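Me: I have a structure open and would like to talk through it with you. Could you take my questions one at a time?

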Amino acid sequence: MTKKPSLSMRLNNLRAGLRFAAKAIFTRDTPLLAQVVVTRRCNLACGYCNEYDDFSAPVPTQELERRIDHLASLGTASITFTGGEPLLHPDLDRLVRYARAKGMIVTTITNGFRLTKDWIERLNAAGLQGMQVSIDNLKPDEVSMKSLSSVEKRLELLSEHARFKVNVNSVMGVTGERTADIVTIAETAARLGLQHSVGLLHDGSGLLKPLSPTQKAAYKRVTQISPSFVHWLNDHLFERNLINGRPNDWKCRAGARYLYVTEDGAVHWCSQQRGYPAKPVLQYTRADIRREYATEKGCAATCTLACVHQMSMFDRFRGAQVPQSGATPRQDASVTDGASA
């Protein structure tokens, strides 16, 4: 079981949570989550992912701190450091500490391969509040290298030493023959006292790839093994409709409540709809937030991106949206997962 955080850490987490709730309820032009790429480089090469390369250097730490400063000036409630593989950034713990000092909730997403006791203790000391570990199968294959056999010992380290919340996320639909693997992954996470969640595989534009009956049965089983709030929320927000072939009627607030900041420092709707607004985050203003808040996204009906659904739910019944001329992100042809921290 993960270690309990100290009393002071719990109080800090409570204050950050209350600030998040206040911004979600009482504001409209405040970002609730920014996902910030700290390096595009990854130590793996999964066939379904379009969010990495194998050569990029980490974004300079001081540049990332400037981006954090500006996000804080916009009132951003939470930040997730992502990649690529964020543990390839040597100053990840420094960035966590820096963002926590700004009053943000801070999490990260990792494949877990580089986790060590030292890294866990560094992130504990920095005040990390949550980590998502992505695991898709029991053994690596050409589609996904994020396998339980490769990181189970590291999950045990997290169970023993982490003072932050750990969620293991698996993508449903990567390969049909590996569907049963996700059940085993969920069982392993539960045995170690870790949470488990399921993302739905989508294509390069963030749209759903239909689930087979076998995959639907496995999805139901893992939600029973790990009946977490994340499962419940995602199921009610969008997954229940999508896995049954029904679109969702919702207002996507990407570019406003949710920001995706690429390694070059530009803001995009999300990881799958890159190319718009493509404005440097250091120049991003409340006027940009208000514009994107009111912009209808043509990809929303069958979107599987959990983080965007979650950050948009607070504005479901307020703030009308209309299509905007010129809002045409580039849609990638490859695929990735619908994970969320």
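Me: To start, how many aromatic pairs does the count come to?
Reply: The count comes to three aromatic pairs, where rings of Phe, Tyr and Trp (its six-membered ring) pair if their centres lie within 6.5 Å, and planes under 30 degrees apart count as stacked, over 60 as edge-to-face and the rest as tilted. This is a predicted model, in which local features need pLDDT of at least 70 and side-chain atom pairs count only at pLDDT 80 or more, while totals for chains, interfaces and linings use all residues. Residues are numbered from 1 along each chain as its sequence is written, and side-chain values use heavy atoms, with hydrogens and water left out.

Me: What kind of pair do Phe20 and Phe314 form?
Reply: Phe20 and Phe314 are edge-to-face, at 5.9 Å centre to centre with 70° between the planes. Phe20 lies in helix H1 (residues 7–26) and Phe314 in the loop between helix H10 (306–312) and strand E11 (330–331), so the pair ties together parts that are 294 residues apart in sequence. Helices (H or I, at least four residues) and strands (E, at least two) are DSSP runs, numbered from the N terminus.

Me: And is Phe20 buried or exposed?
Reply: Phe20 counts as buried, because its relative accessibility is 15%, whereas Phe314, at 30%, counts as partly exposed. Buried means under 20% relative accessible area, exposed over 50%, and partly exposed in between (1.4 Å probe, protein chains only).

Me: Switching to the sheet, in what order do the nine strands come?
Reply: The open sheet has the order E6-E5-E4-E3-E2-E1-E7-E8-E10, with mixed pairing; two strands pair if DSSP finds at least two bridges between them. Strand E6 (195–200) and strand E10 (277–280) stand at the edges with a single partner strand each, so one side of each is left without a neighbour in the sheet.

Me: How many bridges join E5 to E6?
Reply: Six bridges join strand E5 (residues 165–172) to E6, and these two strands run parallel. Ser170 stands opposite Val198 in E6.

Me: Last one, at what angle do H6 and H7 cross?
Reply: The axes of helix H6 (residues 179–191) and helix H7 (residues 213–225) cross at roughly 5° and come within 9 Å, with axes being lines fitted to C-alpha atoms, for helices over the stretch in contact, and angles running from 0 to 180 degrees between N-to-C directions. That makes H6 roughly parallel to H7, since angles under 35 degrees count as roughly parallel, over 145 as roughly antiparallel, 65 to 115 as roughly perpendicular and the rest as oblique.
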